[in-house]
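User: I have a model open and want to go through it with you. Can we start with the overall picture and then move to single residues?

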Amino acid sequence: MKSIAFIVNPISGAKKKRNLPLQIREFFSRSTGYNVTLYRTRCAGDATFAAQKFAEQKFDFVVAVGGDGTVNEVARGLIGSDTALGIVPFGSGNGLARHLGIPMGTKSALEYITKAKPKHADYGLINDIPFFCTAGVGFDALVGDKFAKAGTRGFITYLQQILREYITYKPEKYTITIDGKTITRRAFLVTFANASQWGNNAYIAPEASLSDGMLDVVVVSKFSILDTPEISLQLFIKRVDKLHFVEIFKCKSATVTRSKEGHIHFDGEPGYLGEEINVNVVRGQLKVLTNKKKI
């Protein structure tokens, strides 16, 4: 019998979770071969602590029920263990879940878990802080900070923050050293992608892989407001890398230097770091549940 723990973040995303514990138990009452435990998080960081404990108890799977921030916390607790990460997406973007091919509906996501297999995945480090989907500096990091303080969740709130901040945002100058090669750009944003998308099927790094031992560094240089519709289109049809002001580099390590400390995000969750940011990839030290042949 396989042991599976669900770590539920009650405040992530815009969807309600009141009936979720009952839904999970009813589903697995019809699925033989699983011993199910539910855990409800109480504060920031609690999901990591709980995931570590479940991994120490040799659970087969630990499932993050929430958005990319919840997934980040749970995954941190599973690094280097034999316990595989599963996801029931309940966030605003669900970038890692979408990259792994996990359905957005709860019942479908639960069915997916029973059919998926563990695969080894990479993760990234920024100044020794882990991320699993994307992280970055610039405009998306600023929006992430504003979104976290907005008081409401969901895609509409996120879009409102983008539109509000875009009007006044000024690109910053970055010096970026990628596996020993240095470039300087005045960039709108710099994204470090372990997976292919930010979320909501917006593909910021269409060729990114969780299993290639590399990160994709996406540099979006200054562009005209007239280019905005084209950017939006290309993000959703996986062709943002074809735009002339977008550069993508694959690397095992990178260093980004900016003129002053500022915003950063880790899987959409806001942070604040200094002038120098050191980025590295750690290969194959996380197990994830997926049905995809290539991740």
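Analyst: One term before the numbers: a contact means heavy atoms within 4.5 Å. Among contacts in the protein chain between residues at least 6 apart in sequence, 71% join residues at least 24 apart. Keep in mind that this is a predicted model.

User: OK. How many helices and strands are in the protein chain?

Analyst: The protein chain has eight helices and 15 strands. Its radius of gyration is 19 Å, close to the 19 Å that the globule rule gives for 295 residues, so the chain is as compact as a globular protein of that length.

User: What box do the C-alpha atoms fill?

Analyst: Roughly 55 × 35 × 35 Å, taken along the principal axes.

User: And what share of the residues counts as buried?

Analyst: 54% of the 295 residues count as buried. The accessible surface of the chain is about 13800 Å², and 52% of that surface belongs to carbon and sulfur atoms.

User: Now the helices. Which residues of α1 are buried?

Analyst: In α1, which spans residues 20–29, the buried residues are L20, I24, F27 and F28. They cover an arc of only 90° around the axis, which puts them on the same side of α1. L22 and S29 are exposed on the other side of the helix.

User: Why would residues spaced like that point the same way?

Analyst: An α-helix has 3.6 residues a turn, so residues three or four places apart point the same way.

User: What covers the buried residues of α1?

Analyst: The cover includes β1, β2, β3 and α5.

User: Then α5. Which residues are buried there?

Analyst: Helix α5 runs over residues 106–115, and T106, A109, L110, Y112 and I113 are buried in it. Those residues cover an arc of only 155° around the axis, which places them on the same side of α5. They pack against β1 (2–8), α1, β3 (61–66), β4 (84–89) and β15 (276–290).

User: What does T106 touch, skipping close neighbours in sequence?

Analyst: With residues up to four places away in sequence not counted, T106 touches L20, Q23, V88 and F90. L20 is one of the buried residues of α1. T106 has 12% relative accessibility and therefore counts as buried, the cut-off being under 20%.

User: And α2, which residues are buried?

Analyst: Helix α2 covers residues 46–56, and its buried residues are D46, A47, T48, A50, A51, F54 and A55. They pack against β1, β2 (34–40), β3 and α3 (68–78). After α2 comes K58, with a positive phi near 65°.

User: Which other residues have a positive phi without being glycine?

Analyst: N94 and D179 are among them. N94 has a phi of about 55°, and D179 has a phi of about 50°.

User: Where do N94 and D179 sit?

Analyst: N94 is in the loop between β4 and α4 (95–99). D179 is in the loop between β8 (172–178) and β9 (181–193).

User: Buried or exposed, for N94?

Analyst: N94 is buried, with a relative accessible area of 6%. D179 is partly exposed, with a relative accessible area of 43%.

User: Change of topic: C133. Where is C133 found?

Analyst: C133 is in the loop between β6 (129–131) and β7 (134–138). At 2% relative accessibility, C133 counts as buried.

User: What is C133 in contact with?

Analyst: Leaving aside neighbours within four places in sequence, C133 is in contact with G95, L96, F192, A193, N194, A195, Q197 and D267. The C-alpha atoms of C133 and A97 are separated by 9.2 Å, with the two residues 36 apart along the chain.

User: Last one, F236. Which helix does F236 lie in?

Analyst: F236 lies in α8, residues 228–236. At 44% relative accessibility, F236 counts as partly exposed. Not counting residues up to four places away in sequence, F236 touches N200, N201 and A202.

User: How far is F236 from V62, C-alpha to C-alpha?

Analyst: The separation is 30 Å, and F236 and V62 are 174 residues apart along the chain.

Technical notes
Residues are numbered from 1 along each chain as its sequence is written. This is a predicted model: local features need pLDDT of at least 70, side-chain atom pairs count only at pLDDT 80 or more; totals for chains, interfaces and linings use all residues. Side-chain values use heavy atoms; hydrogens and water are left out. Buried means under 20% relative accessible area, exposed over 50%, partly exposed in between (1.4 Å probe, protein chains only). Helices (H or I, at least four residues) and strands (E, at least two) are DSSP runs, numbered from the N terminus. The arc is that of the directions from the helix axis to the C-beta atoms. The radius of gyration is taken over C-alpha atoms; the globule rule is 2.2 Å times the number of residues to the power 0.38. Accessible areas come from the Shrake-Rupley method with a 1.4 Å probe; for residues, only the protein chains shown count as cover.
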